[in-house]
Each structure stands twice: as structure tokens, then as C-alpha cells.
Amino acid sequence: MSRIVTRDLTKAYGDLAVIEPLSLDVPAGQFISVIGPSGCGKTTLMRVLAGLEPPSGGDVTVDGQAPATARSRKRVAMVPQQPGLLPWRTVRANARLLLDVNRASTPPDAADPTALLQEVGLGDFMDAYPHELSGGMQQRVALVRALALHAPLLVMDEPFAALDEITRAGMRGLLNHLVEGRGVTVFFITHSIAEAVALSDRVLVSSPRPARVVADITVDLPRPRAADVEDEPRFVELCAQVRHALHGGMS
Amino acid sequence: MSRRFLAPAVGIVVFLGVWEAFVRIFHVRKFVLRAPSAALRHLWNTRSTFLEAGWITVQHAGVGLLISLTIGVLVGAVLAASPFLEHATQPVLTLVQVAPWFAYVSSVVLWLGSGTPPALFMVGLVCLPAYVFATVDGMRSVEPATLELFRSVDAGRWEVLWRLRLPSAAPVLFTTSRFNLGLALAAAYYVEGANLSNEGIGAIGRRASAAASGADTLWAAVFAMAILGVLGLLLISLLQHVVLHWHAAHRTRPA
Ligand SMILES: Nc1ncnc2c1ncn2[C@@H]1O[C@H](COP(=O)(O)OP(=O)(O)OP(=O)(O)O)[C@@H](O)[C@H]1O
Ligand SMILES: [Mg+2]
């Protein structure tokens with residue numbers, strides 16, 4: 001069963017059409033990226049999938065349920081662009097936040113995020129407060145906070161956009177390591193072609209608003225992704241393919 | 001730490017020194033201005049009276065402030081959730097804030113009788129608007145992205161309030177408490193003065209202004225109130241340091 005299914009999904013704000021009829025099947029465990037010009041409707045699509053915004057038309061299901069239902073069952077985990085850590089909570093408590101909130105709906109398989117914090121290299125910072133962390137460390141906490149839910153769908157809105165290039169490269173490797181083998185479906189928004197190709201199994205390229213898929217590119221790089229995947233000729237080829245689709249869609 | 005207390009101490013000593021010199025050099029009349037040395041000496045000589053009265057005033061101002069804070073946060077939380085109610089109550093609260101409250105203190109005393117009730121009522125009332133406004137602002141200061149994160153796991157209204165909005169309002173509530181402390185002490189003093197029960201520093205002050213030889217006592221009362229204010233501020237700072245240790249203002253390193 002596919003994790004995300006949309007049939008002629010549309011979204012408009014008043015007269016402003018944001019998403020053109022979109023039909024999409026995302027199989028379980030797929031890492032799918034969306035790349036497109038600023039303002040084309042990527043965040044809007046993510047918010048519809050996360051059940052934060054109702055679609056204007058068409059059908060959409062996440063894990064076989066309406067997105068709003070999936071949201072109320074905590075089946076969608078979100079990583080926003082800014083880490084959004086609560087300054088009064090320690091790293092450990094921030095990592096637990098999505099488990100603590102609406103606790104009645106926390107799935108039974110959700111585990112203590114301590115092990116995950118160790119895994120992302122924050123073992124020595126469990127009791128630190130967010131202001132004691134670098135931007136990259138804060139975003140790692142945000143990642144752990146989302147993964148701890150064990151939700152089948154992880155949606156990420158340009159999570160690394162605010163980070164410097166070196167930290168970003170490290171985060172790509174970390175994210176690949178974290179999601180490979182976990183069976184989680186990832187819906188990832190980015191403006192970086194290299195990031196999309198390095199992380200994804202599939203890259204959707206969108207036109208300017210209203211969003212329309214101009215290219216659906218399968219990334220056939222082997223998993224687990226090698227640390228030096230970006231040096232491979234196939235990686236460079238795929239990046240060129242995405243870039244052409246992006247520029248074609250813009251004109 | 002010592003630097004933090006040195007500067008205010010120097011400021012106060014210099015201020016008192018100038019005051020003392022002014023009174024001595026120009027031979028200012030007693031009721032107009034008393035030399036700090038004379039007022040402080042009198043305060044020390046009658047310290048048992050002032051300790052007893054001070055304790056009453058501390059209770060009036062302190063408990064009144066806490067009642068005001070509690071009601072202010074409750075009202076503010078409701079108003080933060082409803083712009084209509086906010087706009088409906090704003091003029092009333094502003095009126096309470098700007099109206100000369102000392103003008104109607106005696107009416108309140110007539111209404112609530114003597115002793116503690118009118119004191120708590122007035123302190124609670126004059127501090128309320130600032131607490132309500134601060135709560136509304138603080139609760140609204142939450143980042144939309146953080147709110148969306150809470151919504152993404154279907155957090156309930158109460159949970160958003162309790163886990164997100166209230167802690168976000170804590171810093172501005174502390175700032176407001178510093179401001180309200182002065183108001184609370186002034187209101188307590190006034191009500192005690194307008195009161196028949198003869199309790200508190202305000203009552204001492206009233207009797208002193210009525211007596212021909214009361215100048216020393218009056219100025220001792222002024223100093224007693226100032227000392228209470230300083231102690232209150234220290235207490236609030238201490239609490240703030242403990243409760244808001246995570247806050248930007250307490251960062252040990254610049255971010
Ligand atoms: N709540 C809303 N009400 C009205 N219009 C909205 C709303 N949210 C988004 N829009 C509009 O929808 C369009 C798409 O916005 P969206 O945030 O989805 O773009 P995006 O692709 O994520 O852009 P970026 O890459 O800059 O983040 C924009 O024109 C925006 O103004
Ligand atoms: Mg966006």
C-alpha cells in the first residue's frame with residue numbers, strides 16, 4: 001500500500017490557484033524530494049499532506065487515511081525549516097516534545113529518544129539548553145524529535161536551508177543514515193539540487209505557481225548511499241537532469 | 001556578581017550623600033525634606049514599630065500582587081484566544097490603568113471596610129491591567145512555526161496554552177512584576193493610610209503627617225517603603241534568575 005496517494009488534488013486560496021490537479025503515488029519507505037521555484041506551492045503541498053490544511057479538491061490519503069486523521073493519530077512527523085526548539089526545555093526534553101504533547105495519541109512503539117540523541121552525536125548534550133547548541137546541533141535535535149514519533153511519514157520543509165554548506169553536507173549523511181532501513185517514508189522539500197539527489201529515491205520537479213510536476217526523476221543511486229556519492233558520475237548526471245527540468249519548467 | 005551589586009550601591013550612596021548635603025547646606029524645612037541621616041536614625045530607633053507595620057505592608061503588597069498576577073494571567077489567556085474580548089476589555093483596563101486610583105481609595109475603604117480586604121483589592125486592581133496586557137503580548141509572541149509543530153501532532157488548546165504560551169509569557173511577566181511592584185507598594189501604603197485599622201506603614205505615615213512633630217516619622221516611613229521596594233526587587237530578580245535560567249537575558253555566552 002502506498003503511503004501517500006493523491007488523485008487530482010488541488011489547492012487554492014480564494015482565487016489564487018496554488019496546486020494544479022496532482023496525482024501521486026508514493027510507496028512506503030520511499031524518500032521523495034520536491035524541488036521548485038520559490039512560492040510555487042511546496043510548503044502548501046506539505047501542509048496538505050500533514051493534515052494542516054484541507055485540500056480544495058480531489059482526494060488525498062496518508063497511510064490509507066485522511067491526512068487530518070493521520071495527524072490526530074500522530075502518524076505524520078514534521079521537521080520545520082527552523083528547529084523551533086523550546087528554550088525552556090533541555091535537549092532531552094525537546095527531543096521528547098512530540099511524544100509528550102497529545103500523549104493519549106502517542107503510538108505504543110514510540111521509544112525514548114535518548115538512543116537517537118546518542119546516534120546523532122548529542123549524547124554529551126542531553127541536559128544542555130537550546131541556546132548552548134550550534135545551529136546544526138539544534139536541527140539534529142529537531143530531527144530526533146520527529147523520528148522519535150516512529151511515524152510512517154516524515155515531512156521536512158527545507159530543514160537544512162539555514163545551515164552552512166559544511167554542516168549541510170554532514171546533515172545529508174546523517175539523515176541518510178537515520179532513515180535507511182527504518183521503513184519511513186520521507187517527503188522532503190529543498191532548494192538544493194545536490195541535496196535532493198543525494199538524499200532521495202525520487203525527485204519531483206515543480207513548475208512555478210501553480211505547482212505542476214514537470215519531471216518525476218528516479219534516483220537510481222545504490223543504498224546505503226556512500227559518503228562520497230556526490231563524486232560519482234551518475235550523481236552528476238542526475239543533478240544535470242534535475243537542473244534541466246527545473247529550468248525547462250521555469251521558461 | 002559583585003560588580004552587579006557595586007554599581008547600584010555606589011549610585012544609592014552618592015544620591016543619599018547629595019541629598020544629605022542639600023538639606024544641611026540649605027537648611028530645608030523638616031516636612032519638606034529631611035536629611036537621610038535623620039530619617040534613617042529615626043527608623044532605626046523605632047525599628048520594632050516599623051518591623052511590625054512593614055510586615056503588614058509586605059503582606060498587603062505581596063499577596064495583592066500574587067492575586068493580581070493570577071487573575072491577570074487567567075484573564076490574559078482568555079483574551080489572547082479571543083481578539084473580540086480583547087478589544088472589548090482593552091478600554092476598561094486602560095481606564096483602570098490611567099485613572100487616579102488614589103482618588104477613589106476612600107470609596108473602596110468605605111465599601112470593603114477596614115483592614116486587609118480593601119488593601120488587597122486596590123493592589124490587585126492597580127496591578128491588573130499591566131499583567132493582562134503582558135500576558136496577551138507574551139502568549140501571542142509564540143512563533144507561528146512552533147505553533148504549527150504543536151498542531152502537527154494535534155495538540156489541544158489547553159496543552160498549547162500550558163506547554164507553549166504560558167512559558168513564552170514568563171519573561172514579560174517578570175518584567176511587568178518589577179514595574180508593578182512599585183504600584184503595589186504605593187497602593188498598599190495609600191489604602192493603609194485611608195484605613196481605620198491603623199495597620200501598616202501607610203497608617204504610620206498618615207498619623208505622622210497629621211502630627212506637628214511627625215517629620216522624622218514621616219521620612220522614616222518613606223525610607224521604610226523604599227527599603228521594602230529594594231528588597232522586593234531583589235526577590236523578583238532572584239526568582240527570575242531561577243525560573244528563567246534558560247532565557248536569552250541569562251545566557252552565559254552571547255548567541
Ligand atoms: N495561508 C495562505 N493564505 C493565502 N495564500 C497563501 C497561504 N499560504 C501560502 N499562500 C500562497 O501560496 C503560494 C505558495 O506558497 P508556499 O509557501 O507553498 O510556497 P513554497 O513553494 O513553499 O515557497 P518557498 O520555496 O519560498 O518556501 C504563495 O503564492 C503564497 O503566497
Ligand atoms: Mg516553503
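**Exercises on the two domains of chain A**

In this predicted model, the centres of domain 1 of chain A and domain 2 of chain A, taken over C-alpha atoms, lie 23 Å apart.

**Exercise 1.** State which residues the domain assignment gives to each domain of chain A.

*Solution.* Domain 1 is assigned 4-75 + 151-250. Domain 2 is assigned 90-150.

**Exercise 2.** Determine how many residues of each domain of chain A are in contact with the other domain, and what area is buried between them.

*Solution.* Begin with the residues: domain 1 of chain A brings 18, and these are in contact with 20 of domain 2 of chain A. Next, take the area: about 1500 Å² is buried between the two domains. Finally, consider the atoms: carbon and sulfur give 66% of that buried area.

**Exercise 3.** Identify the side chains of chain A that meet in a salt bridge, and find how many residue pairs are in polar contact across the domain interface.

*Solution.* The rule finds one salt bridge across the interface of domain 1 and domain 2 of chain A. A salt bridge joins the side chains of Glu119(A) and Arg182(A), with an N to O distance of 3.6 Å. This distance counts because the cut-off is 4 Å. Nine residue pairs, both members at pLDDT 80 or more, are in polar contact across the interface.

**Exercise 4.** Describe the side of domain 1 of chain A that touches domain 2 of chain A, by element and by residue class.

*Solution.* First, strand E6 (153-157) and helix H7 (165-179) of chain A each supply at least two residues of this side. Second, H7(A) gives the largest share, six residues. Third, the residues of this side comprise eleven nonpolar, three polar and four charged.

Note on methods. Residues are numbered from 1 along each chain as its sequence is written. Chains are lettered from A and ligands numbered from 1 in the order in which they are written. This is a predicted model: local features need pLDDT of at least 70, side-chain atom pairs count only at pLDDT 80 or more; totals for chains, interfaces and linings use all residues. Side-chain values use heavy atoms; hydrogens and water are left out. Domain bounds come from an automatic or database domain assignment. Contact means heavy atoms within 4.5 Å. Buried area is the accessible area (1.4 Å probe) that two parts lose on being put together, summed over both. A polar contact is a pair of N or O atoms within 3.5 Å; within protein, one must be able to donate a hydrogen and the other to accept it, and residues adjacent in sequence count only if both atoms are side-chain atoms. Helices (H or I, at least four residues) and strands (E, at least two) are DSSP runs, numbered from the N terminus. Ala, Val, Leu, Ile, Met, Phe, Trp, Tyr, Cys and Pro count as nonpolar, Asp, Glu, Lys and Arg as charged, and the others, Gly among them, as polar.
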